Amino acid sequence: MDVIVVGGGIVGMSAAFHLARKGVSTALVDAAHTGQATSAGTGVVFPWPFPWDSAPLWEFKARAAAHYPELMAELAEDRHVTGYEVVGGVSVDREGDDAGYDLMRTLAERPEFATMGRVERLAPGEATGLFPLVPEEYGGVRIGGMARLDGRRARDALFDAAEERGLRYFKGDAHLSWNGHRVTGVSVNGDDLAADVVIVAAGAWSARLLAVAGVDLPVFPVRGQMTHFALPGRDTRAWPVVRFGERAFFVCAFGPDRVVTGGTVEPEAGFDRRVTASGLLRNLSTAVEVLPGLAEATVVETRVGFRPGTHDGRQLLGRIERLPGVVVATGLGTEGLTFGPYQGLVAARLAMGEDPGLDLAEFRPDRPHVE
């Protein structure tokens, strides 16, 4: 069979890799849009479910948590640099975080949370020893299995591994070929590419592809502006991911001296890819308020990414009844780097006609929606 994957972010690259790995004739079409979310993510990887998640979402997250380290290990064994590192994570609060500790410890004892690792309570000051910019008065919880991911490197690693297995690549805007009954492939740069199945994994741009067939896919861009800081002379490679519980604000460190703070969430911005004064001010003021030590850091850059948002906050994953020949995989919002690799695997299974092993009804891309 022949499958075309549209979209070169982490979801599409994962789908292409898993297809090529199975020996499926696979083509990837990517417009390389400026503002692709994979290139701009903060880098936090926390895939484990919570008790309040629905049963289908719980199962999806649990399987994603098991799949992530296996996929990254496979790529690393093939000598691909993934940008994935298990550095642990801490959730901190001025008052400590006993409730969070009890929850995480209880979850970590379950078999499906084996990758979460050790859960430890942190007294005030102990988080500072792990991430020196955290103020001394903060206590909290440490989760050993949390990881960080460089989205660009992970995407490139998946692409290289897929290309080694026969993936064909076409750069340009894809347009679905629709014969009135089913999708038969795509056209790109004037060329017609035929396929049995097309996986639409173009992130926030996915709705544009399906509009040609009269399908209103409920996905829209949520602009995020993420600011990167450098700390010359400081080695940040071993610093964990940090979550400030009172703000739900994340900070991620990368080597050799980079610190990335959580960015803006702007669903009203459309595809405006500018770094705005208000967005930068918000990022800088929040970062310095939370981590005063960043006041003397170098502002390296602010990246803009368009996360694929949905009106009900649920991902879009599955087939569309009125559009045979298409599988949709998008809508992960701010959690693309965390769940994108597994969403891509599920999409690949659907394209191959395999049982995804999950109840996907809750994630149907053609479910009713209200704006």
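Leu 19, Leu 75, Leu 149, Ile 199 and Leu 317 touch the most other members of the largest nonpolar core, which has 49 residues. A nonpolar core is a set of buried Ala, Val, Leu, Ile, Met, Phe, Trp, Tyr and Cys residues joined through side-chain atoms within 4.5 Å, where buried means under 20% relative accessible area with a 1.4 Å probe, protein chains only. The elements giving two or more residues to this core include α1 (10-21), α2, β8 and α8 (336-351), and α8 provides the largest share, 9 residues. Helices (H or I, at least four residues) and strands (E, at least two) are DSSP runs, numbered from the N terminus. Apart from this core lies another of 29 residues, among them Val 183 and Leu 316.

This is a predicted model, in which local features need pLDDT of at least 70 and side-chain atom pairs count only at pLDDT 80 or more, while totals for chains, interfaces and linings use all residues. Residues are numbered from 1 along each chain as its sequence is written, and side-chain values use heavy atoms, without hydrogens and water.

Now let's turn to a sheet. Three strands form an open antiparallel sheet in the order β3-β8-β4; strands pair if DSSP finds at least two bridges between them. β3 (44-45) and β4 (84-86) are the edges, each with a single partner strand, so one side of each has no neighbour in the sheet. β4 and β8 (residues 147-149) pair over 3 bridges, and Val 86 has Ala 147 in β8 as its bridge partner.

Leu 149 is in contact (heavy atoms within 4.5 Å) with residues including Val 45, Tyr 68, Met 72 and Tyr 84, leaving aside neighbours within four places in sequence.

Notes
Buried means under 20% relative accessible area, exposed over 50%, partly exposed in between (1.4 Å probe, protein chains only).
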